Amino acid sequence: MNSRRDFLQKLGAAAIPLSFLPKLGSANTTAFADERYEGPVLRVAILGLGSYATRVADAMQACTKAKLVGVISGTASKITAWQSKYNIPAKNCYDYSTFDNIKNNPDIDAVYVITPNSLHHDFVLRTAKAGKHAICEKPMAVNAKEGQAMVEACKKANVKLLVGYRMHFEPKTLEIVRMRKAGELGQIMFFQGLCGFKIGDPTQWRLNRQLAGGGAMMDIGIYAINGSRYMVGEEPIWVTAQETKTDTVKFKEGVDETIQFQLGFPSGAVATCLSTYNMNNLDRFFLNGQQGWAEMQPSTGYGPIKGRTNKGELTHPHVTHQTVQMDEMAGIILEGKQPIVPVDGEEGVKDLKIIDGIYMAVKSGKKVDLKL
Ligand code: NDP
């Protein structure tokens, strides 16, 4: 098990006051007092050993409450490599055909699904059926109907379902959420979210509708959707959207290149956002209230995140997002902790309802009412 000192050193935050880190649970606080963490540990198997899974696995090496103990992969050579890199016993390794046997493995508590988007649904259903908690990457599914089915399957199996919304644990993000909740920005009137990058290899799954479920919106636009909700602090009631496509070869039917969309909130606040696979340097949030403002740029990358408000620069230290996320998720699953911004399946479904609405609005050219 990791000591608290190891944990902080690995975060590169040894000299940082604890109050700057996202709130950690009481079990942790007690453990911190006597240096060693003795509380429950979430034993996680990662399913789909691609590039983001590798980032998560590396970050998990610094976790206190979560531990990588197993893998599920379609590529035998990756299983061998991960076994030696992360010290994973053979009894905790599965391929996609043997995966369901995980139900008989008492040494794995949760499966973290990190595959192409359209595969999340089936793998989470199989995870629930095996009686394991599910953590699923964003977007949790390719439409709200599938997302809802995942929520229900996990409920029925009495397991938790969490979505990999790492920004929900990011200190500067949480400080702006705190300021907004405390009324320090006054009544919120406007949010702008710009999310995008120029995508490369045209043969990758992100540009394949079958696997991605869409285009930039599914992959990166979702950060602006999700961000608008936790920044404004309300659920949108309508959406309008417009699509621009400059390359119909790379961005085939059903794969969106650039979409601008607008969300309306019950208070009268509005959000205007851009999602694109065809522009770099787009990672920016701006929140405007009657008495203050906050901006973040970069706002959702792996960090360091930069933020400032009308009161000045945010100086919270950089943390490795996935380390904090996995420790916090362990607290949610094992101790029933409540995160400041939800990361459960219902939260994921809300984003998918908005994505469904955006695609509908692009098609019809009309305002679409949302019922989240
Ligand atoms: P990769 O292509 O790098 O990895 C996906 C892995 O899924 C593959 O390596 C493979 O692992 C497995 N897989 C199973 N079936 C298929 C298939 N038919 N085609 C391709 N791969 C398959 O993708 P990423 O890691 O970049 O993305 C995975 C998920 O993580 C996505 O949902 C994405 O949105 C999300 N993500 C989230 C981020 C975040 O910050 N929260 C950042 C980046 C991605 P194996 O060989 O082991 O079977």
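Student: What does aspartate 219 form a salt bridge with?
Tutor: Aspartate 219 pairs with lysine 138, and the closest N and O atoms are 3.4 Å apart. A salt bridge here is a side-chain nitrogen of Lys or Arg within 4 Å of a carboxyl oxygen of Asp or Glu. This is a predicted model, where local features need pLDDT of at least 70 and side-chain atom pairs count only at pLDDT 80 or more, while totals for chains, interfaces and linings use all residues. Residues are numbered from 1 along each chain as its sequence is written, and side-chain values use heavy atoms, with hydrogens and water left out.

Student: How many salt bridges does the rule find across the interface of domain 1 and domain 2?
Tutor: Two salt bridges cross that interface. The interface also has 11 residue pairs in polar contact, both residues at pLDDT 80 or more. A polar contact is a pair of N or O atoms within 3.5 Å; within protein, one must be able to donate a hydrogen and the other to accept it, and residues adjacent in sequence count only if both atoms are side-chain atoms.

Student: Which elements supply the side of domain 1 that touches domain 2?
Tutor: Helix 3 (51-60), helix 6 (144-156) and strand 6 (161-163) each supply at least two residues. The largest share, five residues, comes from helix 6. Helices (H or I, at least four residues) and strands (E, at least two) are DSSP runs, numbered from the N terminus.

Student: Where are the domain bounds?
Tutor: Domain 1 is 4-165, and domain 2 is 167-317 + 344-369. These bounds come from an automatic or database domain assignment. The C-alpha centres of the two domains lie 25 Å apart.

Student: How many residues are in contact?
Tutor: 24 residues of domain 1 are in contact with 28 residues of domain 2, contact meaning heavy atoms within 4.5 Å. The two domains bury about 2200 Å² between them, 67% of it on carbon and sulfur atoms. Buried area is the accessible area (1.4 Å probe) that two parts lose on being put together, summed over both.

Student: Back to lysine 138. What is an oxygen atom of the ligand's distance from a polar backbone atom there?
Tutor: That distance is 2.9 Å. Lysine 138 is also joined to proline 139 by a cis peptide bond, with omega about -15°. Proline 139 lies in the loop between strand 5 (133-136) and helix 6.

Student: Which residues are closest to the ligand?
Tutor: Ser73, Thr75, Lys78, Tyr96 and Arg166 are the closest of the 26 residues that surround the ligand, counting a residue if one of its heavy atoms lies within 4 Å. An N or O atom in the side chain of tyrosine 96 is 2.5 Å from a ligand oxygen. For the side chain of tyrosine 223, the corresponding distance is 3.1 Å.

Student: Where is the other cis bond?
Tutor: A cis peptide bond joins glutamine 297 and proline 298, with omega about 0°. Proline 298 lies in the loop between strand 12 (293-296) and strand 13 (307-309).

Student: And what does arginine 126 form a salt bridge with?
Tutor: Aspartate 100, with the closest N and O atoms 3.0 Å apart. Arginine 126 is in helix 5 (residues 120-129) and aspartate 100 is in the loop between strand 3 (93-94) and strand 4 (110-113), so the pair ties together parts that are 26 residues apart in sequence.
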